[in-house]
Amino acid sequence: MSDRLLHGKPVTDEQIQAWADEAEAGYDLSKLPKPRRGRPSLGDGPGVVVPVRLDAATLAALTARAEAEGIATRSDAIRAAVREWTHVA
């Protein structure tokens with residue numbers, strides 16, 4: 001096992017070799033997704049920035065719960081909380 005990580009999970013030497021073999025075999029470029037500019041969409045359309053101020057205790061609680069649930073970023077944690085509160089999938 002190596003110390004390399006992908007999305008926080010260990011990557012084995014065997015997986016790296018499998019990816020290398022796949023790349024060496026070549027890809028069908030027509031099946032690859034078209035490149036897009038900017039950040040990926042969230043939901044049904046472009047996102048709207050909503051600035052939010054949080055006190056230190058609330059931010060610490062947000063960070064702790066996000067880490068406990070494996071949520072990588074504050075933005076993802078806030079989106080998850082809002083979705084749960086608003087009952088939006």
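**Notes on the predicted model: pockets, helices and salt bridges**

1. Let's start with His7, which counts as exposed at 77% relative accessibility (buried means under 20% relative accessible area, exposed over 50% and partly exposed in between, using a 1.4 Å probe and protein chains only). His7 sits in the loop between β1 (5-6) and β2 (9-10). The labels come from DSSP runs numbered from the N terminus: helices are H or I with at least four residues, and strands are E with at least two. His7 also has a phi near 55 degrees, which is a positive value in a residue other than glycine. For background, most residues other than glycine have a negative phi.

2. A word on what you're looking at. This is a predicted model, where local features need pLDDT of at least 70, side-chain atom pairs count only at pLDDT 80 or more, and totals for chains, interfaces and linings use all residues. Residues are numbered from 1 along each chain as its sequence is written, and side-chain values use heavy atoms, with hydrogens and water left out.

3. α1 has 13 residues and reaches 18 Å from its first C-alpha to its last, close to the 18 Å expected at 1.5 Å a residue (the expected span is 1.5 Å times one less than the number of residues). Just after α1 comes Gly26, with a positive phi of about 100 degrees.

4. Stay with Trp19 for a moment. Its relative accessible area is 38%, so Trp19 is partly exposed. Leaving aside residues up to four places away in sequence, Trp19 touches Leu6, Val11 and Tyr27 (contact means heavy atoms within 4.5 Å). Gly70 is another story: Trp19 and Gly70 are 51 residues apart in sequence and 25 Å apart in space, C-alpha to C-alpha.

5. Ala20 lies in helix α1 too. Is Ala20 partly exposed or exposed? At 28% relative accessibility, Ala20 counts as partly exposed.

6. A pocket here is worked out on a 1 Å grid over the protein atoms alone: it is an open set of points with protein on both sides within 12 Å along at least five of seven lines, whereas a cavity is a set where a 1.4 Å probe fits but cannot get out, and lining residues have an atom within 4 Å of a point. The volume of the largest pocket is about 810 Å³, meaning the space filled by probe spheres set on the points, with grid points joined across faces, edges and corners.

7. What is that lining made of, by class? The largest pocket has 12 nonpolar, six polar and four charged residues in its lining. Ala, Val, Leu, Ile, Met, Phe, Trp, Tyr, Cys and Pro count as nonpolar, Asp, Glu, Lys and Arg as charged, and the others, Gly among them, as polar. Helix α3 (residues 74-86) gives the most to this lining, with seven residues.

8. The second largest pocket has a volume of about 170 Å³. Its lining includes Ala61, Arg65, Glu69, Ala77 and Glu84. The elements that give two or more residues to this lining are α2 (56-68) and α3. By class, the lining has seven nonpolar, no polar and three charged residues.

9. As for α3 itself, its 13 residues should span 18 Å at 1.5 Å a residue, and its end C-alpha atoms are 18 Å apart, which agrees. Just after α3, His87 has a positive phi of about 60 degrees.

10. How many salt bridges are there? The count comes to three, where a salt bridge is a side-chain nitrogen of Lys or Arg within 4 Å of a carboxyl oxygen of Asp or Glu. One joins Asp13 and Arg4 (2.2 Å, N to O). Asp13 is partly exposed at 44%, and Arg4 is partly exposed at 42%.

11. Another salt bridge links Arg65 with Glu69, the closest N and O atoms being 2.6 Å apart. Glu69 counts as partly exposed at 47% relative accessibility. Arg79 and Asp76 also meet in a salt bridge (2.7 Å, N to O). These two are three residues apart in helix α3, so Arg79 and Asp76 are separated by about one helical turn. Arg79 counts as partly exposed at 29%, and so does Asp76 at 33%.
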